[in-house]
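Colleague: I would like to go through this model with you, one question at a time. Please show it first.

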Amino acid sequence: MPTMLEVSGLTHQYGQGERAHVAVRDLAFTIESGQLACIVGPSGCGKSTLLRCISGLIPATGGSVRLHGDEVSGVPGDLAVVFQDYSRSLFPWLTVAKNVEFPLRWQKVSKAERSQRAAEVLESVGLSGVGKKYPWQLSGGMQQRVSIARALVSRPALLLMDEPFASVDAQTRGELEDLTRRVQRDLGSTILLVTHDIDESVYLADRVLVLSKSPASIVADLTIDLPAERNQITTRESERFVSLRGEVARLLQSPQVQRPGEPDPATAESGPGTTTVETGDTAGTADTAEAAARS
């Protein structure tokens with residue numbers, strides 16, 4: 001498959017002088033077209049910074065990001081972002097349908113086509129019939145589905161997802177994971193998703209990139225050789241899933257990843273059958289919501 005995303009020598013530093021903090025340093029990897037790849041790493045290692053550099057929301061201080069071979073110097077028109085905090089990334093004064101249509105306002109798309117495409121993607125995420133409601137009238141899981149629909153309406157070549165399911169309950173999280181895999185399969189989307197949840201990374205991904213502590217570097221690039229058709233119960237019970245889950249957990253315990261005094265990720269629990277490194281930090285902001293919607 002052709003290369004969709006190429007990250008080469010990526011570095012980002014916050015501040016200057018003695019107070020400077022290097023979040024990521026000399027990161028390099030590629031993502032092939034049609035892949036679903038997950039990034040997992042310890043808290044504060046620079047995962048969200050990495051996604052923001054890839055999306056063009058913040059400029060890298062070194063290295064390069066290329067999408068379709070073209071260097072990213074701003075938010076690409078065929079890239080979309082789904083943030084963790086859906087309550088701050090949706091516009092509460094717009095209906096669900098208008099939220100989903102929002103990115104198309106900057107494209108040469110007629111009003112009728114905007115409405116049709118919004119209805120189509122809402123149906124694809126299981127929300128047909130709610131277009132006239134407002135986000136605050138929906139459950140958290142439904143609001144995040146709206147965020148995913150809005151990201152998909154512009155038919156992006158690359159979809160970035162930053163801890164997209166961390167703010168919902170365990171049952172809804174499983175439903176959204178299955179939705180993501182189904183959308184990725186049906187639409188042939190290329191997805192790069194950041195998560196703190198080890199189980200989630202293995203369940204969702206074709207590949208898992210394990211990052212070191214800050215400044216982030218890639219410790220391992222694992223191929224997830226599970227069947228394409230996955231099930232929240234049988235897949236997670238399978239011997240191969242348990243083996244891969246353990247491999248990622250061991251990598252996250254390794255000296256180059258684990259800080260002294262941090263909890264053992266193999267035993268930290270956020271719910272039945274779910275292994276996490278931490279609960280996740282808030283990623284979405286009101287300022288970045290509009291930039292993501294424009295993409």
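Colleague: Where is Glu163 located?
Modeller: This is a predicted model. Glu163 sits in a loop. That loop runs between strand E7 and helix H6 (170-187).

Colleague: Is Glu163 buried or exposed?
Modeller: The cut-off for buried is under 20% relative accessible area. Glu163 has 3% relative accessibility, so this residue counts as buried.

Colleague: What is the phi of Glu163?
Modeller: Most residues other than glycine have a negative phi. Glu163 is not a glycine, yet its phi is positive, at about 45°.

Colleague: Which loop holds Arg155, and what is its phi?
Modeller: Arg155 lies in the loop between helix H5 (140-153) and strand E7 (158-162). Arg155 is not a glycine either, but its phi is positive, at about 55°.

Colleague: Is Arg155 buried or exposed?
Modeller: Exposed means over 50% relative accessible area. Arg155 has 55% relative accessibility, so Arg155 counts as exposed.

Colleague: What is the confidence of the model overall?
Modeller: Of the residues, 86% reach a pLDDT of 70 or more. The mean pLDDT of the protein is 84.

Colleague: What share of the contacts joins residues at least 24 apart?
Modeller: Take the contacts between residues at least 6 apart in sequence. Among these, the share joining residues at least 24 apart is 71%.

Colleague: How does the span of H9 compare with the expected one?
Modeller: Helix H9 covers residues 239-253, which is 15 residues. At 1.5 Å a residue, 21 Å is expected. From first C-alpha to last, H9 is close to that, reaching 21 Å.

Colleague: Which elements do the buried residues of H9 pack against?
Modeller: The buried residues of H9 are Phe241, Leu244, Gly246, Val248, Ala249, Leu251 and Leu252. They pack against strands E3 (36-40), E9 (207-211) and E10 (218-223), and against helices H7 (198-204) and H8 (234-237).

Colleague: Which residues touch the most other members of the largest nonpolar core?
Modeller: That core has 50 residues. Two of them touch the most other members: Ile148 and Val248.
Modeller: Apart from it lies another core, of 29 residues, including Met4, Ile31, Leu79 and Leu158.

Colleague: Which residues does Val248 touch, not counting those up to four places away in sequence?
Modeller: Val248 is among the buried residues of H9. Its partners are Val40, Ile198, Val202, Val208, Val210 and Leu222.

Colleague: How many disulfides does the structure hold?
Modeller: Cys45 is buried, at 0% relative accessibility. Cys53 is buried too, at 5%. The number of disulfides is 0.

Colleague: Which residues is Ser64 in contact with, leaving aside neighbours within four places in sequence?
Modeller: Ser64 belongs to strand E4 (residues 62-67). With a relative accessible area of 17%, Ser64 is buried. Its contacts are Glu6, Val7, Ser8 and Glu71.

Note on methods: Residues numbered from 1 in each chain as written. Predicted model: local features only at pLDDT ≥ 70, side-chain atom pairs only at ≥ 80, totals over all residues. Heavy atoms only, no water. pLDDT = per-residue confidence, 0-100. Helix = DSSP H or I, 4+ residues; strand = E, 2+ residues; numbered from the N terminus. Expected span 1.5 Å × (residues − 1). Buried < 20%, exposed > 50% of the residue type's maximum accessible area, 1.4 Å probe, protein only. Contact = heavy atoms within 4.5 Å. Core = buried A, V, L, I, M, F, W, Y, C linked by side-chain atoms within 4.5 Å. Disulfide = S-S within 2.5 Å.
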